[in-house]
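I am opening a notebook on a structure that is new to me. The entries below record what I looked up, topic by topic.

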Amino acid sequence: LSSFLLSKSNGIVQCASTLILSIIQSQSASIIDFFPIVIDQLCAIYLKNEYDKETIRGKIPCPFLTTKLFRILIFKSDWTESDKEKIESVVSTLLDLIDLLIGAPPLISKTGSANSPLTTMITPSNSTNTDNQSSFLPSYMIFSEITDLAASVPFNITILDRIINRFLSIIDQNSLYVLGSPLLPPSSHPKKQLDETNTIIDIDTYDASIKEVDLCFFAINKLNLIVRSVPLCTNTVQPIQDTLVKMMQKRNVLVDVRALDLLYAIASRENGVQISQQIVDFLPKSPIYLRESLCMKAAVLLQSYCTEDESTVSTLLKILQISGKYLDKSDTVWRSIVQTVAVRPGIQKKVTEDVYSIVKSAVLPTVTLTKLASFLIGEYFERVTAFDAKSAADLLIKLFDKGDDRAKTIVLTSLMKLVVKSGDVKLTARDFFRKNVSSLSYEVAQRS
């Protein structure tokens, strides 16, 4: 395969790279001696201009071969300084080329110079017609592979900033489409019609806006990958926080889920509480498919970054109440409350009484609220003054049939703790346990 990869025939090299990629994807440890050859091939194409002119697509030399070579390099783990410098030179040259073809992002200054390889091949594109966007496809394809490579190769911060700034530029330029702003003014195209609001729209422009939404989705997806792989880049992405919040609030399954994930990824001590509050504010109006993820992420952010315990618990309780049944199968949020309360004796009394009041007044308590109330009553009953043991036992017995088997076992355990702490409910609890000894649930029967 080594000789095939070094062949002068583009077809043979393409086949060899495809075979190597297939092997390395299934058995990544089986091929390690091809990495230097792959790097040399990329250097030959983009630094020495050694390639078949017929392989140029969209003014990018050998884009399909480059894609496969980059994907092979993702599996390389032992990057030496020499190898890293070579691949950084290739990537920098490609980024210069993409800047010339698509236009440099406004957030950065173009680093290409007249002496850079390939800059003599093309002139910057001045076209603003979206119909010509298809000619940029090879550029975006290569840029996508560069991003994937940046998630596994320790590139210098300059290259990472260039990659991120282009994605930020894409999101900034195309967010109007995603956020549902009016379409662009009608162009000279003859194809026009009325939409449901009797507004004249341009069909070609409308089709173009769909492409912009897809491009924005692509940018958010790749930013997620980079930020999670290289946390050092978090601060660079934080300026678009407000835009991401607005995208999260749009019912567009291509964008809102990814925008939420990226918001979660860029959270830090400086903005973590703010992001969690923005998520909670959106929760009542959120679509069903997004609700569980919103609750989970808000809970983790609050527990990680909020320093005011009462505020944390209050917001987590609000999440439980708003989420309804959509958190019934998840223990993350109610356990976050339990963990916060457990290390803060000063708030144990108030939180237990508040939860008792919420559950008692609820027409149909959710499974998560049932678990939370049962646990807190069992643990901290001796601290409360707002209700007595009999009221607590009555509530626990009432909650027993409201939850699943896991919730029922928590209720039974809490009732037993209540008996230990107050003998007033001993007979009531004993009769209740006897009724459930024959339960079809093994856990419930055993615990009773």
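How many disulfides does the structure hold? I looked for pairs of cysteine sulfur atoms within 2.5 Å, the cut-off for a disulfide, and the structure holds zero of them. Of the cysteines, I noted Cys 216, which counts as buried because its relative accessibility is 0%, and Cys 233, which is likewise buried, at 1%. Here buried stands for under 20% relative accessible area, exposed for over 50% and partly exposed for what lies in between, with a 1.4 Å probe and protein chains only.

**Basis of the entries.** This is a predicted model, in which local features need pLDDT of at least 70 and side-chain atom pairs count only at pLDDT 80 or more, while totals for chains, interfaces and linings use all residues. Residues are numbered from 1 along each chain as its sequence is written, and side-chain values use heavy atoms, with hydrogens and water left out.

For Ile 319 I listed the contacts (heavy atoms within 4.5 Å), leaving aside neighbours within four places in sequence, and found among them Val 280, Leu 283, Cys 295 and Val 333.

**Aromatic pairs.** Rings of Phe, Tyr and Trp (its six-membered ring) pair if their centres lie within 6.5 Å, and planes under 30 degrees apart count as stacked, over 60 as edge-to-face and the rest as tilted. By this rule I have seven aromatic pairs. Phe 167 is buried at 0% relative accessibility, and Phe 218 is buried at 17%. The pair of Phe 400 and Phe 432 is edge-to-face as well, with 5.0 Å from centre to centre and 90° between the planes. Phe 400 lies in helix H18 (residues 389-400) and Phe 432 in helix H20 (residues 426-436), so this pair ties together parts 32 residues apart in sequence. I also noted one aromatic cluster formed by Tyr 140, Phe 143, Phe 167 and Phe 218.

**A loop serine.** Where is Ser 330 placed? I found Ser 330 in the loop between helix H14 (309-323) and helix H15 (332-342), and it is buried, with a relative accessible area of 7%. A polar atom of its side chain lies 3.3 Å from the backbone nitrogen of Thr 332. Apart from neighbours within four places in sequence, Ser 330 is in contact with Glu 292, Met 296 and Thr 368.

**Helix H2.** My last entry is Val 13, which is found in helix H2 (residues 10-26) and is buried, with a relative accessible area of 5%. With neighbours within four places in sequence left aside, the contacts of Val 13 include Phe 4, Gln 41 and Leu 65.

Notes:
Helix = DSSP H or I, 4+ residues; strand = E, 2+ residues; numbered from the N terminus. Polar contact = N/O pair within 3.5 Å; in protein donor to acceptor, adjacent residues only side chain to side chain.
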